[in-house]
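Q: Could we go through this chain together? I would like to begin with its charged pairs.

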Amino acid sequence: MNTNIYYLVESKYWRREVPNIHDEISIGVPTYTDIAETKTRFKNTNSILARANAFKHYFSILDVLYDGLGKEQSTDAQARIDLQTYLDSGNAIELGNAAKFKSSPDFDKGIEIYVVIENLSQKSVEKFLIHGIRYLEYPDRLDPGIQESLQGLIKEYSYYTENGLALKQHVEDLNLETVGGKEVSIIKTPFNWQKLLLDYKGFDLCEVW
């Protein structure tokens, strides 16, 4: 097999509350020392084990952040709201009239897991998001990261099957008809995708495909 597969956990978030640059009485501006940034690679001859270790590391980061909040993590959906404390500096500017959007310095903030596929013969590298929590412009709107993660999980599964990598009990079948798609298979994650699909019933999670 002329390909390598490994996993990356990338995080970038605010260590502490930072000054609001739009506040006239604010003193100072956010600096690089206010940011925590990590990138950890997980590689193993058993890529499923590398994947499991990546998810374990992801949860260890969330545990630290929740300790800082002084509360217990409940669900993935709630974490996407709770952790905005670390991802949203409060320095965004809202723009637009009928369709509101924000210009923010925080679009690069998040805690994310990627699958990375290296094709040695073609000297190419592909990187797909398979899970993550990012800065959200509006926490009450559909998180586009969920769409990207679902698409990445489907591509990851396709890579494994096309290259004859054993999955056995690690496969999960999803029916995406309620969110604008069809039946697909993914490699299992620690998250309840069936419940998530029910939560987003009516949204077109597959519209970007």
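**Charged pairs and cores**

A: The side chains of D76 and R80 meet in a salt bridge, at 3.0 Å from N to O; a salt bridge is a side-chain nitrogen of Lys or Arg within 4 Å of a carboxyl oxygen of Asp or Glu. This is a predicted model, in which local features need pLDDT of at least 70 and side-chain atom pairs count only at pLDDT 80 or more, while totals for chains, interfaces and linings use all residues. Residues are numbered from 1 along each chain as its sequence is written, and side-chain values use heavy atoms, with hydrogens and water left out.

Q: Why are D76 and R80 separated by about one helical turn?
A: Because they are four residues apart in helix α2 (residues 76-82). Helices (H or I, at least four residues) and strands (E, at least two) are DSSP runs, numbered from the N terminus.

Q: Is R80 buried or exposed?
A: R80 counts as buried, at 5% relative accessibility, and D76 is buried with a relative accessible area of 13%. Buried means under 20% relative accessible area, exposed over 50%, and partly exposed in between (1.4 Å probe, protein chains only).

Q: Which residue forms a salt bridge with E156?
A: R51 does, with the closest N and O atoms 2.8 Å apart. The pair links distant parts of the chain, 105 residues apart: E156 lies in helix α4 (residues 144-162) and R51 in helix α1. Both E156 and R51 are buried.

Q: And how many salt bridges are there in the structure?
A: The structure holds eleven. One of them joins K12 and D108, whose closest N and O atoms are 2.7 Å apart.

Q: Changing topic, which residues touch the most other members of the largest nonpolar core?
A: Y7, Y160, L174, L176 and W193 do, in a core of 45 residues. Helix α1 (residues 47-69) gives the most to this core, with nine residues. A nonpolar core is a set of buried Ala, Val, Leu, Ile, Met, Phe, Trp, Tyr and Cys residues joined through side-chain atoms within 4.5 Å.

Q: Where is S185 placed?
A: S185 is in strand β8 (residues 183-187), and at 18% relative accessibility S185 counts as buried. A polar contact of 2.6 Å joins the side chains of S185 and D173. Such a contact is a pair of N or O atoms within 3.5 Å; within protein, one must be able to donate a hydrogen and the other to accept it, and residues adjacent in sequence count only if both atoms are side-chain atoms.
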